[in-house]
Amino acid sequence: MTFSATDHAAMARALALAELGLETTTPNPRVGCVILAADGSTVGEGWHARAGEPHAEVHALRMAGERARGATAYVTLEPCSHHGRTPPCADALIAAGVRRVVAAMADPNPLVAGAGLARLRAAGIDTAVGLLETQAQELNIGFVARMRRGRPWLRLKTAATLDGKSALNNGVSQWITGPEARRDGHRWRARACAILTGIGTVHADDPQLSVRDVPCQRQPRKVLVDARLEVSPQARILAAGDCLIATASSDGGRIARLQDLGAEIVHLPDARGKVDLPALLAELGRRGVNEVHAEAGCGLNGSLLREGCVDELLMYFAPMLVGDVAQGLFRLPAAETLDSAVRLQIIDLRALGADYRVRARPLPP
């Protein structure tokens with residue numbers, strides 16, 4: 001399929017609109033729509049803001065009105081064909097009389113999965129799919145992951161010195177990186193549906209795990225891995241009353257005390273008496289969580305990597321060296337050969353103030 005320069009420009013605009021819902025659409029995907037009249041003029045634009053509210057196509061069609069008849073609609077995701085909280089967008093496009101629909105990607109949701117485009121074609125509308133598909137998939141990487149494998153996309157954030165140390169040997173870690181890197185980390189927090197940490201980090205740092213350094217339209221849910229329910233009732237992670245605690249403990253007294261503080265407890269033990277991390281991600285997927293942002297210590301970081309839970313690493317490095325006895329990033333068994341090392345694909349490298357950020361994804365073993 002060959003797409004024109006006009007097609008590319010319109011879809012790029014639709015993707016930019018979709019990003020306006022970056023923090024708010026969960027559990028729905030981020031979607032934008034642009035409608036061009038036959039003369040190439042833009043007659044409608046829209047994006048999906050929140051679950052339960054009108055989808056991008058509906059907003060764009062309302063703006064276009066009668067000018068949508070004979071027009072081309074550019075949508076970053078295949079129009080839906082099923083009744084959820086809102087009616088099918090495919091039907092709205094048909095009723096509006098559009099001539100052509102271009103989708104960046106097919107919808108991975110099994111309830112759609114090509115049915116939306118098929119419905120449009122059956123109504124005589126010209127359809128095309130695949131324009132700026134890579135960009136569209138990256139924008140909804142968590143939604144795609146949840147639809148295809150039943151669990152969210154987990155992005156693990158670390159901050160370290162250039163010699164790979166996350167804290168001094170006495171535990172001091174604030175602040176390794178500068179304000180630009182910290183703001184960037186909060187931007188990644190803001191787009192996530194949930195922020196995950198472990199009890200070791202809560203004991204050491206008592207973090208809030210909230211988005212503070214950048215504007216945020218809603219706070220992600222906090223998730224704590226605490227196998228023995230050791231969290232203090234005074235811990236700041238519990239203050240907002242929205243913390244989900246994954247545990248292997250059945251201590252009724254501790255569970256009741258934490259529930260009184262507004263925490264939700266999920267019992268997910270593995271064979272070793274630890275929290276079953278893949279099961280936790282599956283549980284979050286069932287709850288509609290698309291993206292998880294993890295900030296933890298070397299123990300949980302290593303466990304997440306070993307158990308195949310990490311999809312992406314967000315690693316910040318400060319230009320300093322603190323010595324080999326300081327605390328590392330991942331508690332992993334020593335690789336006996338280079339072939340057994342965890343291999344990464346670097347997908348982005350950039351400077352943030354005096355620091356550097358590396359985005360990388362684990363390669364299959």
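Which helix or strand gives the most to the lining of the second largest pocket? That would be helix H11, with 3 residues. Keep in mind that you're looking at a predicted model.

**The five-stranded sheet**
- Let's start with an open sheet of 5 strands, which follow the order S2-S1-S3-S4-S5 with mixed pairing.
- At its edges sit strand S2 (42-47) and strand S5 (126-129), and each of these pairs on one side only.
- On average, neighbouring strands here are turned by 15 degrees against each other, if you ignore direction.
- Strand S4 (residues 100-103) and S5 run parallel, joined by 4 bridges.
- To find one of these pairings yourself, look for Arg 100, whose bridge partner in S5 is Asp 126.
- Helix H4 (residues 115-122) packs on this sheet and touches S4 and S5, with its direction at about 155 degrees to that of S5.

**The nine-stranded sheet**
- Next up is an open sheet of 9 strands, again with mixed pairing, in the order S10-S9-S8-S7-S11-S6-S12-S14-S13.
- Its edge strands are S10 (264-267) and S13 (344-352), each pairing on one side only.
- Neighbouring strands in this one are turned by 20 degrees against each other on average, direction ignored.
- S10 pairs with strand S9 (residues 244-247) in the parallel sense, over 4 bridges.
- Within that pair, Ile 245 has Ile 265 of S10 as its bridge partner.
- Remember that strands of a sheet pair through backbone hydrogen bonds, either parallel or antiparallel.

- Helix H10 (residues 277-286) lies across S6, S7, S8, S9 and S11, and runs at about 160 degrees to S8.
- H11 also packs on the sheet, where it touches S6, S7, S8, S11 and S14, and its direction makes about 115 degrees with that of S7.
- Helix H9 (residues 252-260) has a cap at its N-terminal end: a side-chain oxygen of Asp 251 lies 3.1 Å from the backbone nitrogen of Gly 253.
- Just after H9 comes Gly 262, which takes a positive phi of about 95 degrees.

**The second largest pocket**
- This pocket holds about 650 Å³ of space.
- Its lining is made up of 25 residues, and Leu 332, Ser 340, Ala 341, Val 342 and Arg 343 lie nearest the centre.
- Helix H11 (298-306) and strand S14 (355-362) each supply at least two residues of the lining.
- Sorted by class, the lining has 18 nonpolar, 2 polar and 5 charged residues.

Technical notes: Residues are numbered from 1 along each chain as its sequence is written. This is a predicted model: local features need pLDDT of at least 70, side-chain atom pairs count only at pLDDT 80 or more; totals for chains, interfaces and linings use all residues. Side-chain values use heavy atoms; hydrogens and water are left out. Two strands pair if DSSP finds at least two bridges between them. Axes are lines fitted to C-alpha atoms, for helices over the stretch in contact, and angles run from 0 to 180 degrees between N-to-C directions. Contact means heavy atoms within 4.5 Å. A polar contact is a pair of N or O atoms within 3.5 Å; within protein, one must be able to donate a hydrogen and the other to accept it, and residues adjacent in sequence count only if both atoms are side-chain atoms. On a 1 Å grid over the protein atoms alone, a cavity is a set of points where a 1.4 Å probe fits but cannot get out, and a pocket is an open set with protein on both sides within 12 Å along at least five of seven lines; lining residues have an atom within 4 Å of a point. Grid points are joined across faces, edges and corners, and a volume is the space filled by probe spheres set on the points. Ala, Val, Leu, Ile, Met, Phe, Trp, Tyr, Cys and Pro count as nonpolar, Asp, Glu, Lys and Arg as charged, and the others, Gly among them, as polar.
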